[in-house]
Every structure is written in structure tokens, then in C-alpha cells.
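Colleague: I have a structure open and would like to go through it with you. Could you take my questions as they come?

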Amino acid sequence: MKIMDRIGYVYFNNYLAGTLINTKEGFCFTYDSDYIIFGAPIGYNFPFSKSKYYSIDLFPFFENLVSEGWLLDLQSNMQHIDKEDKFGILLNNGKDLIGAITIIKDKV
């Protein structure tokens, strides 16, 4: 299965905080330059930086936002997304996360 580059726009309290990109090499999170001026870091492992954060696997911070158990099964079945595709599940359900983080496919 060839994975196309996918992007999620990460919002913190309704402000664009950065982008999370999935490529065949892995994942990259980058803060939005305007958000760095007035925002707050989205998490302990993501202090403000103009540099990009890279990981082969989905960062644990974001993976922990993905549904579990029966809800993951339901989302996977209804949306026809492999439940092992955590980023796909996150992109399709990122508007309805608990807490201050929202992840959506299209920039608002």
C-alpha cells in the first residue's frame, strides 16, 4: 500500500498551532510561525521551536488522542479506515477530540 502525503492542521484552543504531516518516511510536526509569537506549546515534548520535529511513527502525543476500544472499532468500520491507521482515524475524527487540541484536514 502506497501512502500519499497526508496533512493535518493542528489547532490549540481554536488557533492554528502547526501542521502534522505523514509521508512515506514518517511524521513531521512544525509549529506555525505566527502561533509561536502568541501561543503556548501544545505539549511537554513539543517546546516552541522553529525547527521541525520528526518521528518514524506517529508521535505518542498525537497517538494518545486517537479513540480506543469500541469507539475505535466503530470509527474504523463506519469510515472504512484500517484501525491500525492511527493518523487516518485522527484526521477523520480530529474535530471531536477531548481537550484543547483539534486536528483537521483543511486549514480554516
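Colleague: Is Phe62 buried or exposed?

Modeller: This is a predicted model. In it, Phe62 has a relative accessibility of 0%, so the residue counts as buried.

Colleague: And Phe61, what is its relative accessible area?

Modeller: The value for Phe61 is 26%, so that residue is partly exposed. The cut-off for buried is under 20%.

Colleague: How are the rings of Phe61 and Phe62 arranged as an aromatic pair?

Modeller: They are edge-to-face, with 5.1 Å from centre to centre and 90 degrees between the planes.

Colleague: How many aromatic pairs does the count come to?

Modeller: The count comes to 16 aromatic pairs. Another of them joins Phe46 and Phe59, where the ring centres are 5.2 Å apart and the planes lie at 75 degrees, so this pair is edge-to-face.

Colleague: Where in the chain do Phe46 and Phe59 lie?

Modeller: Phe46 is in the loop between helix H1 (33–38) and strand E4 (53–55), while Phe59 is in the loop between E4 and helix H2 (60–63). The pair links distant parts of the chain, 13 residues apart. Both Phe46 and Phe59 are buried.

Colleague: Which residues form the aromatic cluster?

Modeller: One cluster is made up of Tyr15, Phe29, Tyr31, Tyr35, Phe38, Phe46, Phe48, Tyr53, Phe59, Phe61 and Phe62.

Colleague: What does Phe29 touch?

Modeller: Leaving aside residues up to four places away in sequence, Phe29 touches Val10, Gly18, Thr19, Leu20, Ile42, Phe46, Lys52, Tyr53, Phe59 and Phe62.

Colleague: Turning to the largest nonpolar core, which members touch the most others?

Modeller: The core has 24 residues, and those touching the most other members are Leu20, Phe29, Ile42, Phe46, Phe59, Phe62 and Ile103. At least two core residues come from each of strand E1 (6–12), strand E2 (15–23), strand E3 (26–31), helix H4 (86–93) and strand E5 (101–104).

Colleague: Which element gives the largest share of this core?

Modeller: That is H4, with 4 residues.

Colleague: How many residues of H4 are buried?

Modeller: The helix H4 is mostly covered, as 6 of its 8 residues are buried. The buried residues in H4 are Phe87, Gly88, Ile89, Leu90, Leu91 and Asn93.

Colleague: What covers the buried residues of H4?

Modeller: The covering elements include E1, E2, E3, H2, H3 and E5.

Colleague: Changing topic, how many salt bridges does a search of the whole structure find?

Modeller: The search finds 2 salt bridges. In one of them, the side chains of Arg6 and Asp85 meet at 3.0 Å, N to O. Arg6 is in strand E1 and Asp85 in the loop between helix H3 (69–79) and H4, so to speak distant parts of the chain, 79 residues apart. Arg6 is partly exposed, at 22% relative accessible area.

Colleague: Which residue forms a salt bridge with Lys83?

Modeller: The partner of Lys83 is Asp73, and their closest N and O atoms are 2.8 Å apart. Lys83 lies in the loop between H3 and H4 and Asp73 in helix H3, so the bridge ties together parts that are 10 residues apart in sequence. Lys83 is partly exposed, with a relative accessible area of 37%, and Asp73 is also partly exposed, at 31%.

Colleague: Finally, which residues does the UniProt domain annotation cover?

Modeller: The UniProt annotation, from an unreviewed entry, reads "domain: HipA N-terminal subdomain" and covers residues 10–103. Over that range, the chain is 31% helix and 26% strand, with the end C-alpha atoms 5 Å apart.

Methods: Residues numbered from 1 in each chain as written. Predicted model: local features only at pLDDT ≥ 70, side-chain atom pairs only at ≥ 80, totals over all residues. Heavy atoms only, no water. Core = buried A, V, L, I, M, F, W, Y, C linked by side-chain atoms within 4.5 Å. Buried < 20%, exposed > 50% of the residue type's maximum accessible area, 1.4 Å probe, protein only. Contact = heavy atoms within 4.5 Å. Salt bridge = Lys/Arg side-chain N within 4 Å of Asp/Glu carboxyl O. Phe/Tyr/Trp six-rings, centres within 6.5 Å; stacked < 30°, edge-to-face > 60°. UniProt positions renumbered as here; feature names shortened; annotations may be inferred.
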